[in-house]
Each structure stands twice: as structure tokens, then as C-alpha cells.
Amino acid sequence: MADILFEPIELGEITAPNRVFMAPLTRSRSRQPGDVPWELNAEYYRQRAGAGLIISEATQVSPTAKGYAFTPGMYSAEQIKGWKLVTDAVHGAGGRIFAQLWHVGRVSHVDLQPSGQAPVAPSAIRGQNQTYIGANSGRVPVSEPRALDTDEIPGVVDEFRLAAKNAKDAGFDGVEIHGANSYLLDQFLRDGTNKRTDAYGGSVANRMRFCLEVTDAVLSVWGPGRVGYRVSPMGSPPHVQDSDTEGTFGQLAVALGERGLAYLHAVEQFKDTVRDPHTEEVLAAVRLSFRASGGGLYIGNGAYDAALARQRIGDGLCDAVAFGKLFISNPDLPDRFRTDAPLAEWDAGTFYTGDHRGYTDYPLLNAR
């Protein structure tokens, strides 16, 4: 019997040879100064080119979009050149890779901002997040943000457009807009973090205006067949909330589907959420709204193993699954799923360190 994980699937304008996708994973290993991808990053992604699709780690669209030390950017000529090393390596190994475009909003610190200024947000509400600002800083609370002026918002939208163009110049196959996990687009969308009284606040239509303006700017560069969008309706993390999760994310899913996006990528479960009936109702509303309004694939993410992926794909609850930590410690994860081989354990202590350890030194099956 055919394994549903290894059935090819049309992803907008490209074909994914399997449904084992690699989720975006912040690894904080860009070359300094300048937050530049380099040869170490190229080798890391090359090792994982067997994924049906690689979604790159989040890449800040401007210097002010940065929220963690050592994360890569997508705004300078040197960064574009560095990302070209990555995309060439992935393509040379037969893979496909999208760039995830990122603005952290209030999830930042003054020490990470270009002039030590306050991070920006839809409203001046400090987050409960923590971040790291240097190699030995440990986790520190994020800084107090300031609210974006209405006339500043088009400039942020244009940063996403320019980053999308830079990703194309760097050789990516497409881009994913990061609208999840408590970052800037998620902050605008949710009424718990957006208290604005202008055209970007109040109703769901107003709160998702920024999200859609960013999406349209990215679409102007790539077209819908090579653009995805990531959401996290069930928590971003839990202290970022909305009073009507199903209604808010359902409306956003309709609007994204109407734009014909290649996929919607949903973080379905965090470590402190469960797949209870309410969660399934919200996810169903998002999934069905996106598909019914003209959207492409629905990609599930969050606490999946191979068995759950096969089950939910087979039941029509997702079209593909993006795996995160399993891809960190198993660069050949699709091969291991295909052959039911043992899975290597990840070392959480090296998730965000700066060298090859816990990054490119996990062994392949055929190297054992």
C-alpha cells in the first residue's frame, strides 16, 4: 500500500515530491557583523534537501524587524549573496526552499534595534516574551514598544515587498509570510494586542488590514502560486489572545484564500495547548475557509509524528505536515519515515548556539 506521506503534491506553481515539509526554525547562526547567511547555513539546509519543501528560518525584513541575536536578514546585498549560497546548495541537492519573511514587532529589545530605539507594535503594550541579545546574555524580557504611527505603516509594508524581491534575487522558490507566533502581523490581527482606533484597529476587517497589505505587497513580487502564509490561531504563545479566535482567523483565511495563496501553514499546537474539540473546531474553520475561498494547500504543524501525519492527511485534515525539531536532529527525516528507521534525539541546549555542534553534525542513516 502506498505511503501517503510520499505521494507528490502540487504546491502552487511547484511540485513537492513528498509531504514531509521542514518547518521554519530559528537557529541563530548567521555570520557577524551583518546577520549574513554563510557556508555553515548552506550545509545545514543542503543536508535537509530531501524535504518536500524547506521553509527557511525566519528572516528579518529590515534592521528594525529583528528580535533575537544572530538571526539572518533579507535586506542587504551581503545577505542576498549569503542566501544565494543556501539556495544553490539546496537546489544542487534536488530540494525546494521558500524564505520566511519576518518582522517581530514588540518581541524585541532596545539592544537589538539599530539606534537603541524602542521596538514598534500596533499598540504600546509590552509583551511577556523573553529574548536573547548576545551570546552570553541568557533570556531577557523584551522592551517596552511604541505604537506605529498610521503614516509609518506603508513603510513597513514596503519592507516586506523589498524583502520578497531580495528573496527572489537570492534564488528562493517562493516565500512564506510570518503571520504567527506573537510577531508583528499576529499582533495587528488580535484584539488582545491591537487597541488602535484608526483604520488598522477595531473590527476584524481593520485589524487584518495590515496583514493583507503585506500579503498584497509580497504578491506583487511573486504572484500567488509561490506565496504562503503562517498563522497560529491556538496561541502565539498563550498570552497573545483574541476574543473570537474562530471568527478572526476564519475571516483572515477567507481573505487569504481569495488571493489564491499556494498554502496556509498553521501552527496547530504549542507545548501548552492540546488537540481538544475546541481546537479542532477552530482549525476546521480556518482550513475550510481557506480552501473554500480559493486557497491552495493547508499545512499542519505542531507536535506531529509520522503516524499522526499519515492519519490527519488521510482524513483530509491537512495536505502536508511541517516538522520542526525532528528535522533538527534527523537531516534525512523523510528517509527515516519511509523506512521506519530510528529517530535521533535533538539536543535542545544547542538550538541557538553559534557553531556546527547540534547543527550540521547530526549523522545520516547511511553514515552510521
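**Entry 1: strand β13 and its partners**

I began with the pairing of β13 and strand β14 (residues 320-323), which run parallel over 3 bridges. Two strands count as paired if DSSP finds at least two bridges between them. I took helices (H or I, at least four residues) and strands (E, at least two) as DSSP runs, numbered from the N terminus. I noted that I299 has A320 of β14 as its bridge partner. From β13 the chain passes through helix α9 (residues 306-314) to reach β14, and this β-α-β crossover is right-handed. Right-handed here means that, with the strands pointing away from the viewer, the path from the first strand over the helix to the second runs clockwise.

This is a predicted model: local features need pLDDT of at least 70, side-chain atom pairs count only at pLDDT 80 or more, and totals for chains, interfaces and linings use all residues. Residues are numbered from 1 along each chain as its sequence is written, and side-chain values use heavy atoms, with hydrogens and water left out.

Next I looked up strand β12 (residues 263-267). It pairs with β13 in the parallel sense over 5 bridges. V267 sits opposite N301 of β13.

Is β13 enclosed or open? I found 5 of the 5 residues of β13 (residues 297-301) buried, so the strand is largely enclosed by the rest of the structure. Buried means under 20% relative accessible area, exposed over 50%, partly exposed in between (1.4 Å probe, protein chains only). L297, I299 and N301 are buried on one side, and Y298 and G300 on the other.

**Entry 2: helices α7 and α8**

I turned to helix α7 (residues 245-258) and helix α8 (residues 277-292). Their axes come within 7 Å and cross at roughly 20°. The axes are lines fitted to C-alpha atoms, for helices over the stretch in contact, and angles run from 0 to 180 degrees between N-to-C directions. α7 and α8 are therefore roughly parallel. The cut-offs are under 35 degrees for roughly parallel, over 145 for roughly antiparallel, 65 to 115 for roughly perpendicular, and oblique for the rest. The contact (heavy atoms within 4.5 Å) includes F249 and A253 of α7 and V282 and V286 of α8.

I then picked G257, which lies in α7. At 1% relative accessibility, G257 counts as buried. G257 and S289 are 32 residues apart in sequence and 7.5 Å apart in space, C-alpha to C-alpha. Leaving aside neighbours within four places in sequence, G257 contacts F290, S293, G294 and G295.
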